[in-house]
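Dear colleague,

Please find below the structure that I am handing over to you. My findings follow it, in an order meant for a first reading.

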Amino acid sequence: MKRLWLSAVILATGMTGVAEAADGVPGVDVSNWTGDVDWESVASEGGKFAFVQATEGADYRNPRFDTQFGGAAEAGLFRGAYHFAQPHESDGMTQADYFLQNGGDWVSDGQTLPGVLDVEDNPYKDKNGKNSCYGLSTKDMVTWIKDFTVRYRRATGRHAIIYTTTSWWRTCTGNSAAFTSNPLWLARWGSEPGSLPKSWKRHTFWQSAEKGTLSGGQNSFNGSESQLKALANPPAEVMVSGEATSRTSYRVVVTNTGPHPVKDIKVSGRAFGGQRVVEAPACKFSGTAVSCRIEELPRAKKVMFVFTTKPRKPKGTVGMNVTVGSVKLTLKAR
């Protein structure tokens, strides 16, 4: 028996390559320290997005968060929440949960950007006695960031944005290349972004000054306004995997790995190698063909189909060709 495992991902819609804009799309970042923000003024002067601090560690919530976050939305800005990491206080999963429960949860309203993990130089060295890396080794820091980003991804279907500096990333993660799926918000004050951490070939956001002309920090999105909108309203995403578990049994799993429920997913298959389909629960089948339909697949849920066949010969290559949306899988067995 030969077993074959294949998988692929369907994207319903979404951004292709993101072209770099000459000046980028302007935006701001604010926290409790920024105070009250005149969001109508930010919007009228060209601001298109805002990042608002929601939490820090596992015990601080920005007391102005609701006002700032809601005010940005009312002014028509895209808005996102950020969490200031304190890796020495508790693990990444704990702080991700605290963030999610206190403003960091992503909502599919077309206006909310993915949440941000802010990991940077320890500003409280005099208070906590830790070094710039909060006393963690590079290995432990990478683990901490993975724990946070994985928990956030599982809860929201989005990849958290990572805010950091190139120098801190190199020093405290060993210049880890493990976070290519997470958009980069680069902090580098000056006229150019400069070199990037190893995980990224391009930045998505850039904080170029601590204080900008609009309010709070000065930031830009590395793309067009339509691409910024696409980041707030991402495509549905479905993963399709398949396995020939034997000459007579085939398994197909459809998983919603994106942020939205997906409706009306059609699964079709055809057996080859001189065999016919004899069993396919919850599906229609006749001869070599099988047809299934998923009316709605909620986020983070999966559906498994098992097809049983009857080969005419005891030896030789057999299998099934399976199509789910734009994905085509060929499952073979001997």
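A residue counts as buried when its relative accessible area is under 20%. By that cut-off, 49% of the 334 residues in this predicted model are buried.

The protein as a whole contains seven helices and 19 strands. Its C-alpha atoms fill a box of roughly 75 × 45 × 35 Å along the principal axes. The protein exposes about 16,000 Å², and carbon and sulfur atoms supply 49% of this area. Among contacts between residues at least 6 apart in sequence, 67% join residues at least 24 apart. There are 40 positive and 31 negative charges, and their mean positions lie 20 Å apart.

One sheet deserves a description. Strands of a sheet pair through backbone hydrogen bonds, in either a parallel or an antiparallel manner. The sheet in question is open, has five strands in the order S15-S16-S13-S18-S19, and shows antiparallel pairing. Strand S15 (284–286) and strand S19 (327–333) form its edges, as each pairs on one side only. On average, neighbouring strands of this sheet are turned by 15° against each other, direction ignored. Strand S18 (residues 318–324) is joined to S19 by seven bridges, and the two run antiparallel. Thr323, for example, has Lys328 in S19 as its bridge partner.

Is Ser208 buried or exposed? Ser208 lies in strand S9 (residues 205–209). Its relative accessibility is 12%, so Ser208 counts as buried. Leaving aside residues up to four places away in sequence, Ser208 touches Arg188, Trp189, Gly190 and Gln218.

Terms used:
Residues are numbered from 1 along each chain as its sequence is written. This is a predicted model: local features need pLDDT of at least 70, side-chain atom pairs count only at pLDDT 80 or more; totals for chains, interfaces and linings use all residues. Side-chain values use heavy atoms; hydrogens and water are left out. Helices (H or I, at least four residues) and strands (E, at least two) are DSSP runs, numbered from the N terminus. Buried means under 20% relative accessible area, exposed over 50%, partly exposed in between (1.4 Å probe, protein chains only). Contact means heavy atoms within 4.5 Å. Accessible areas come from the Shrake-Rupley method with a 1.4 Å probe; for residues, only the protein chains shown count as cover. Lys and Arg count as positive and Asp and Glu as negative; His and the chain ends are not counted. The place of a charge is taken as NZ of Lys, CZ of Arg, CG of Asp or CD of Glu. Two strands pair if DSSP finds at least two bridges between them. Axes are lines fitted to C-alpha atoms, for helices over the stretch in contact, and angles run from 0 to 180 degrees between N-to-C directions.
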